[in-house]
Amino acid sequence: MKWEILQKGVSEQDLKDTFQPPFQRCVQDGHASCMMCSYNQLNGVPVCANYDLLTQMTRNDWGLEGYITSDCDAVAIISEDQHYATCAEDAVTDVLKAGMDINCGTYLLQNTMSAIKQGKLHESVIDQALFNLFSIRMRLGLFDGDPKQQEYGHLGPDHVCTNEHWQLALEGSRQGIVLLKNIGNTLPLLKNKISSIAVIGPNANATEEMLGDYIGIPCNPVTPFLALQNYIGNISFSKGCENVACSSNSKFSEAVDIAAKADAVVIVVGLDLTQEREDHDRVNLTLPGQQQRLVSEVAVASKGPVVLVLMCGGPVDVSFAKDDPRISSILWVGYPGEAGGQALAEILFGDYNPGGRLPMTWYPQEFINVPMTDMNMRPNSSTGYPGRTYRFYTGETVFKFGEGLSYSNYSYKFVSKDGHIILPFSSPSYREWASDYIDIDDIPCESFKFTTKLTVQNHGSMDGSHVVLLFSRYGGNFRGATHKQLIDFKRVHTVAGKATDVSFLVNPCKHFGTAMEDGRRVLAIGNHELMVGETRLSVSLKTNFLIRL
């Protein structure tokens with residue numbers, strides 16, 4: 001059911017340390033000027049009609065200076081599908097009073113005047129929405145005279161599809177590709193040892209499939225098959241499957257035949273918008289149709305290295321390929337855009353050293369048995385619920401969040417030494433306190449920020465664009481604490497055989513903190529660790545209690 005309302009609640013604990021922080025950072029660190037409220041309800045209240053979320057938290061607590069819009073038709077469904085409001089005028093009144101300023105759609109246009117005439121809505125509420133909307137237009141300079149004389153007024157059709165833009169698309173594709181398996185350093189392929197290559201798969205020569213959803217018109221799409229022709233003259237191609245759904249094996253024999261004759265095989269499979277998109281959920285985590293069978297049969301027939309390329313947005317359970325020694329390498333390219341084929345070819349033949357990292361956990365097929373409507377992040381051993389995300393999940397994975405190989409081996413060393421931080425803690429009388437944590441509201445957090453520095457050593461023979469992930473972990477046993485938590489990441493350019501320094505700013509309140517069941521943000525006392533790969537740095541937090549009576 002498209003607008004089925006999920007009645008299972010979201011805990012204050014999960015709201016405060018999982019769902020809200022990304023939006024808070026967008027407002028406070030990224031200075032976002034617009035937020036969008038979504039279709040769903042939060043604990044029984046439509047998000048677009050939730051005053052606590054839109055006004056109290058987003059504007060008052062976080063300091064949003066801008067406007068709030070709805071997702072398309074999100075106001076209409078409040079009355080027509082969710083039946084939270086009894087009529088259109090009530091829905092319009094609810095969202096505007098909650099702090100929404102404009103909706104995507106025509107619902108406000110059609111029903112706001114009626115709400116005013118019925119006395120449900122006062123014009124002052126509309127004035128506030130207009131103030132928020134026109135403030136942004138003023139900041140954009142839309143009332144400063146002739147638009148052509150403004151900063152971007154010179155832009156036109158001649159500035160579209162420039163070489164500069166295509167190079168930017170190419171660099172984005174390069175950085176986004178993730179190498180997940182590479183037995184015996186099969187990749188990069190060597191031109192002097194590879195005289196022929198077979199390119200196979202329904203996504204191997206597909207243009208639109210590379211682009212993903214909500215796209216513009218590409219200027220010069222380059223598929224994997226097209227790009228590889230610039231590297232190897234003797235190249236053959238077979239789709240293997242008629243399309244991504246791969247409901248028939250009628251083309252398998254052709255694919256197997258060219259694979260058996262080639263020195264190397266590149267199989268490009270995965271998903272497309274027939275399998276995953278807005279308003280269309282997947283019901284399995286495996287490859288669609290008979291794609292897995294295609295990959296396995298090609299791998300059996302091949303005489304040389306087999307490279308599996310996964311073109312998809314969401315994770316896919318490819319445990320069969322991960323465990324198959326005949327499949328030497330696996331790469332995830334996402335939906336890499338118009339330059340995706342060129343970026344892939346450069347990586348396959350060593351013109352670019354891959355450095356991408358997985359932005360999500362890849363769960364096994366069995367994860368579909370976990371109820372999608374269970375919003376809890378933390379695991380529950382009594383029910384067998386495994387939790388969600390790398391921070392809490394306790395089950396098996398296909399690939400972990402942050403995984404990603406390179407053609408270079410890297411090592412890390414913290415330049416900073418293990419340290420101790422003494423946190424002064426003053427408690428008003430009668431306030432509950434515990435010896436193993438401090439409420440973050442009682443800590444002068446800005447005073448305890450510190451910078452940690454580490455050295456990244458490239459032990460390989462290639463320069464590399466390397467992503468350094470800094471995690472934190474609590475060393476004790478604190479209920480509800482994460483397995484580990486990403487503090488920050490930085491992409492650094494490394495020179496072959498040399499070391500590069502990188503620094504991170506650490507805020508213990510933000511990066512070591514967790515949320516209690518009632519939503520209070522607290523900082524656990526004791527040993528915390530900073531982690532990069534297998535390298536650790538210990539940070540001990542201690543308290544100096546001052547009890548005010």
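The following questions and answers concern a predicted model and the terms applied to its features.

Residues are numbered from 1 along each chain as its sequence is written, and side-chain values use heavy atoms, with hydrogens and water left out. Local features need pLDDT of at least 70 and side-chain atom pairs count only at pLDDT 80 or more, whereas totals for chains, interfaces and linings use all residues.

Q: Why is Asn185 called exposed?
A: Exposed means over 50% relative accessible area, buried under 20%, and partly exposed in between, with a 1.4 Å probe and protein chains only. Asn185 has 62% relative accessibility and therefore counts as exposed. Asn185 is found in the loop between S5 and S6, where strands (E, at least two residues) and helices (H or I, at least four) are DSSP runs numbered from the N terminus.

Q: What makes the phi of Asn185 worth noting?
A: Most residues other than glycine have a negative phi. Asn185 is not a glycine, yet its phi is positive, at about 55 degrees.

Q: Which class of accessibility does Asp279 fall into, and why?
A: Its relative accessibility is 57%, so Asp279 counts as exposed. Asp279 also has a positive phi, near 70 degrees, in a residue other than glycine. Its place is in the loop between strand S8 (264–270) and helix H11 (291–301).

Q: Where is a cis peptide bond found, and what is its omega?
A: The bond joins Leu187 and Pro188, with omega of about 5 degrees. Pro188 lies in the loop between strand S5 (178–182) and strand S6 (196–200). Most peptide bonds, by contrast, are trans.

Q: What makes a set of residues a nonpolar core, and which members of the largest one touch the most other members?
A: A nonpolar core is a set of buried Ala, Val, Leu, Ile, Met, Phe, Trp, Tyr and Cys residues joined through side-chain atoms within 4.5 Å. The largest such core has 36 residues, of which Leu187, Leu228, Val266, Val309, Leu331 and Leu348 touch the most other members. Helix H13 (340–348) is among the elements that each supply at least two residues of this core; the largest share, five residues, comes from H13.

Q: Why are S11 and S14 said to pair?
A: Two strands pair if DSSP finds at least two bridges between them. S11 and strand S14 (residues 450–458) have five bridges, in the antiparallel sense, and therefore pair. Tyr412 has Val456 in S14 as its bridge partner.

Q: How many bridges join S14 to S17?
A: Eight bridges join these antiparallel strands, and Thr451 stands opposite Leu505 in S17. The open sheet of three strands has the order S11-S14-S17. Its edge strands are strand S11 (410–414) and strand S17 (499–506), each of which pairs on one side only.

Q: Which residues form the covered face of S14, and which the uncovered one?
A: In a regular strand the side chains alternate between the two faces of the sheet. Phe450, Thr452, Leu454, Val456 and Asn458 make up the covered face of S14, and Thr451, Lys453, Thr455 and Gln457 the uncovered one.
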